[in-house]
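The sequence and structure are shown first.

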Amino acid sequence: MKLLLIRHGKTYFNELDLTQGWCDSPLSEIGMSQAKALAQKIKDIAIDEAYSSTSERAYDTLEIALNNPFMTIKRDRRLKELNFGYFEGQPNTLKGKMVKEDFRNIETSCDYRKFHGEKLADAVERHLDFLQEVVSDEDRTIAIGGHGLSLTALTHHLCEEQLQKDFPDFRFLGNACAVYMEYKNHQYSVLNIIE
């Protein structure tokens, strides 16, 4: 089985450098253009099923990138971004001063629980719970529309050793970029990072 993890395009909050996790901001004109450009980059990947975060920015990006009016995109709350609590809608610099952020170490960083948010490990756990339900050894490809921090942390969690070896420059999934993955013999591996 193959997975195509797609981060949403640029939003108005991204352009204003505001924190958005569970709060939602629509795709900006740039974000829509990015999603259309991604559609061209992934047009040769045959998608059998599609799932999205319940956030409109993720759903809209996936819809544009797949460019298939007949594809049903199922929404799942477990694919939402990390909940930043009180920092939602606030300047990104504010949370950077208050919370240690290192998305490659999900146990010790990005813990927003004392600000009525959640810990990055919990967001990754939600994604893993989702994957357990949909991933199999069948020969099919699933597209998943999601978010920068949670999809980046998930990718590092599943494939850190391979990333260090084969994709040493990969740190964070950019707007309207994708990770193309394979699940085989109970192992995940990254086939390509589509930027």
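The text below treats the sheet, then the cysteines, then the pockets.

The model is predicted: local features need pLDDT of at least 70 and side-chain atom pairs count only at pLDDT 80 or more, while totals for chains, interfaces and linings use all residues. Residues are numbered from 1 along each chain as its sequence is written, and side-chain values use heavy atoms, with hydrogens and water left out.

**Sheet**

Six strands form an open sheet with mixed pairing, in the order E3-E2-E4-E1-E5-E6. At its edges are strand E3 (73-75) and strand E6 (187-194), each of which pairs on one side only. On average, neighbouring strands of this sheet are turned by 25 degrees against each other, direction ignored; such angles are taken between axes, which are lines fitted to C-alpha atoms (for helices over the stretch in contact), and run from 0 to 180 degrees between N-to-C directions. Strands (E, at least two residues) and helices (H or I, at least four residues) are DSSP runs numbered from the N terminus, and two strands pair if DSSP finds at least two bridges between them.

| Strands | Sense | Bridges |
|---|---|---|
| E1 and E4 | parallel | six |
| E1 and E5 | antiparallel | five |
| E5 and E6 | antiparallel | seven |

Strand E1 covers residues 2-7 and strand E4 residues 141-146. Within this pairing, Arg7 stands opposite Gly146 in E4. Towards E5, Leu3 has Met181 as its bridge partner. Strand E5 (residues 178-184) is mostly covered, with six of its seven residues buried; buried means under 20% relative accessible area, exposed over 50%, and partly exposed in between, for a 1.4 Å probe and protein chains only. Tyr180 stands opposite Asn192 in E6. E5 and E6 form a hairpin with two residues between them, and Asn185 in the turn has a positive phi of about 55 degrees.

**Cysteines**

The whole structure has zero disulfides, a disulfide being a pair of cysteine sulfur atoms within 2.5 Å.

**Pockets**

On a 1 Å grid over the protein atoms alone, a pocket is an open set of points with protein on both sides within 12 Å along at least five of seven lines, and lining residues have an atom within 4 Å of a point. Grid points are joined across faces, edges and corners, and a volume is the space filled by probe spheres set on the points.

The largest pocket has a volume of about 290 Å³. It is lined by 17 residues, of which Phe84, Asn92, Lys95, Leu149 and Phe172 are the closest to its centre. Helix H4 (92-98) and helix H6 (148-166) each contribute at least two residues to this lining. The lining has six nonpolar, six polar and five charged residues. Here Ala, Val, Leu, Ile, Met, Phe, Trp, Tyr, Cys and Pro count as nonpolar, Asp, Glu, Lys and Arg as charged, and the others, Gly among them, as polar.

The second largest pocket holds about 170 Å³ of space. Its lining includes Ala39, Gln40, Ile42, Lys43, Leu66 and Met71. Helix H2 (29-41) and helix H3 (56-66) are the elements that give two or more residues to this lining. By class, the lining of the second largest pocket divides into seven nonpolar, three polar and one charged.

Note on methods: 1 Å grid on protein atoms, 1.4 Å probe; cavity = no way out; pocket = protein on both sides within 12 Å on 5 of 7 lines; lining within 4 Å.
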